[in-house]
Amino acid sequence: MTRNKTGPAAARTERRAERRAHADYTGGVYGSMLAASVVIGAGSLGSFPRTELVLLLLLTAVVFWIAHVHAQLFGARLALQALDRRIVLHVCRDEWPIVKAAVPPAAAVAVSPLLGLDVRGAVWLALCIAVAGQVGWSVAAARRAGASRQLMAATASVNLLLGLLIILFKIVLTH
């Protein structure tokens, strides 16, 4: 005899499953692309280049996250519905992948001395990880949307091409 689970724990589990089913990873794709752009645009860093790049990656992601939350809350939503705590938290959570996407490149910069990399090597590692994240987030979004393998491969290819374009800009700008 099977018993249906009820109560607060079951409701929480159901809400989590629903959030995962409706997850939107476009913020992760955008955040990865933003991180790659930050790495390229960092230019000359000061006395503590690794620390500065880690902070620049994370803080830029947080600023863009706030900007996206603001745009969502005070753009179309404000005209359609009154804001309450639940809506604000929902939008904050939905846009959080922008920040999450900056963490792996920032972590790569932070651990780069352990890998024997100089600052230039750390920048290239962060850039490659950001591009890989961009591709990964796009495939996750396509998969979550129920896309075919062909469509997942297409979105991965487009995002890889965009990432390679960013890398090309880095090569052209530094030579």
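Let me start with helix H5, residues 85–95, where the buried residues are Ile87, Val91, Cys92 and Glu95. Seen down the axis of H5, these residues fall within an arc of 135°, so they line one face of the helix. The arc is taken from the directions from the helix axis to the C-beta atoms. Buried here means under 20% relative accessible area, exposed means over 50%, and partly exposed is in between, with a 1.4 Å probe and protein chains only. The face of H5 turned away from the buried side carries the exposed residues Arg85 and Arg86. At the N-terminal end of H5 the cap is aspartate 84, with a side-chain oxygen 3.2 Å from the backbone nitrogen of arginine 86.

Before going on, the ground rules. This is a predicted model, in which local features need pLDDT of at least 70 and side-chain atom pairs count only at pLDDT 80 or more, while totals for chains, interfaces and linings use all residues. Residues are numbered from 1 along each chain as its sequence is written, and side-chain values use heavy atoms, with hydrogens and water left out.

Now the overall content. The protein chain has 9 helices and 0 strands. Helices (H or I, at least four residues) and strands (E, at least two) are DSSP runs, numbered from the N terminus. Of the 175 residues in the chain, 31% are buried. Among contacts between residues at least 6 apart in sequence, 71% join residues at least 24 apart; contact means heavy atoms within 4.5 Å.

Two packed helices are described by the angle between their axes and the distance between the axes. The axes are lines fitted to C-alpha atoms, for helices over the stretch in contact, and the angles run from 0 to 180 degrees between N-to-C directions.

Take H2, residues 26–41, with H8. Their axes come within 8 Å and cross at roughly 165°. H2 and H8 are therefore roughly antiparallel to each other; on this scale, angles under 35 degrees are roughly parallel, over 145 roughly antiparallel, 65 to 115 roughly perpendicular, and the rest oblique. H2 passes H8 in a left-handed crossing. A crossing is left-handed if the near helix is turned anticlockwise from the far one by less than a right angle, and right-handed if clockwise. On the H2 side the contact includes Gly28, Val29, Ser32 and Ile40, and on the H8 side it includes Ala130, Gly133, Gln134 and Trp137.

The second pair is H7, residues 103–111, with H8, residues 119–144; the axes come within 8 Å and cross at roughly 160°. That makes H7 roughly antiparallel to H8. The crossing of H7 past H8 is right-handed. H7 contributes Pro104, Pro105, Ala108 and Val109, and H8 contributes Ala122, Leu125, Ala126, Ile129 and Ala130.

While we are on H7, its buried residues are Pro105, Ala106, Ala108 and Val109. They cover an arc of only 155° around the axis, which puts them on the same side of H7. These buried residues pack against H2, H8 and helix H3 (49–74).

How buried is glutamine 134 of H8? Its relative accessibility is 0%. The side chain of glutamine 134 reaches the backbone oxygen of asparagine 159 at 3.1 Å. That is a polar contact, a pair of N or O atoms within 3.5 Å; within protein, one must be able to donate a hydrogen and the other to accept it, and residues adjacent in sequence count only if both atoms are side-chain atoms. Leaving aside neighbours within four places in sequence, glutamine 134 is in contact with Val29, Ser32, Met33, Asn159, Leu162, Gly163 and Ile166.

Serine 32, in H2, is buried at a relative accessible area of 1%. With the same exclusion of neighbours within four places, serine 32 is in contact with Ala101, Ala130, Gly133, Gln134 and Trp137.

Isoleucine 40 is also in H2 and counts as buried at 16% relative accessibility. Not counting residues up to four places away in sequence, isoleucine 40 touches Leu127, Ile166, Lys170 and Leu173.
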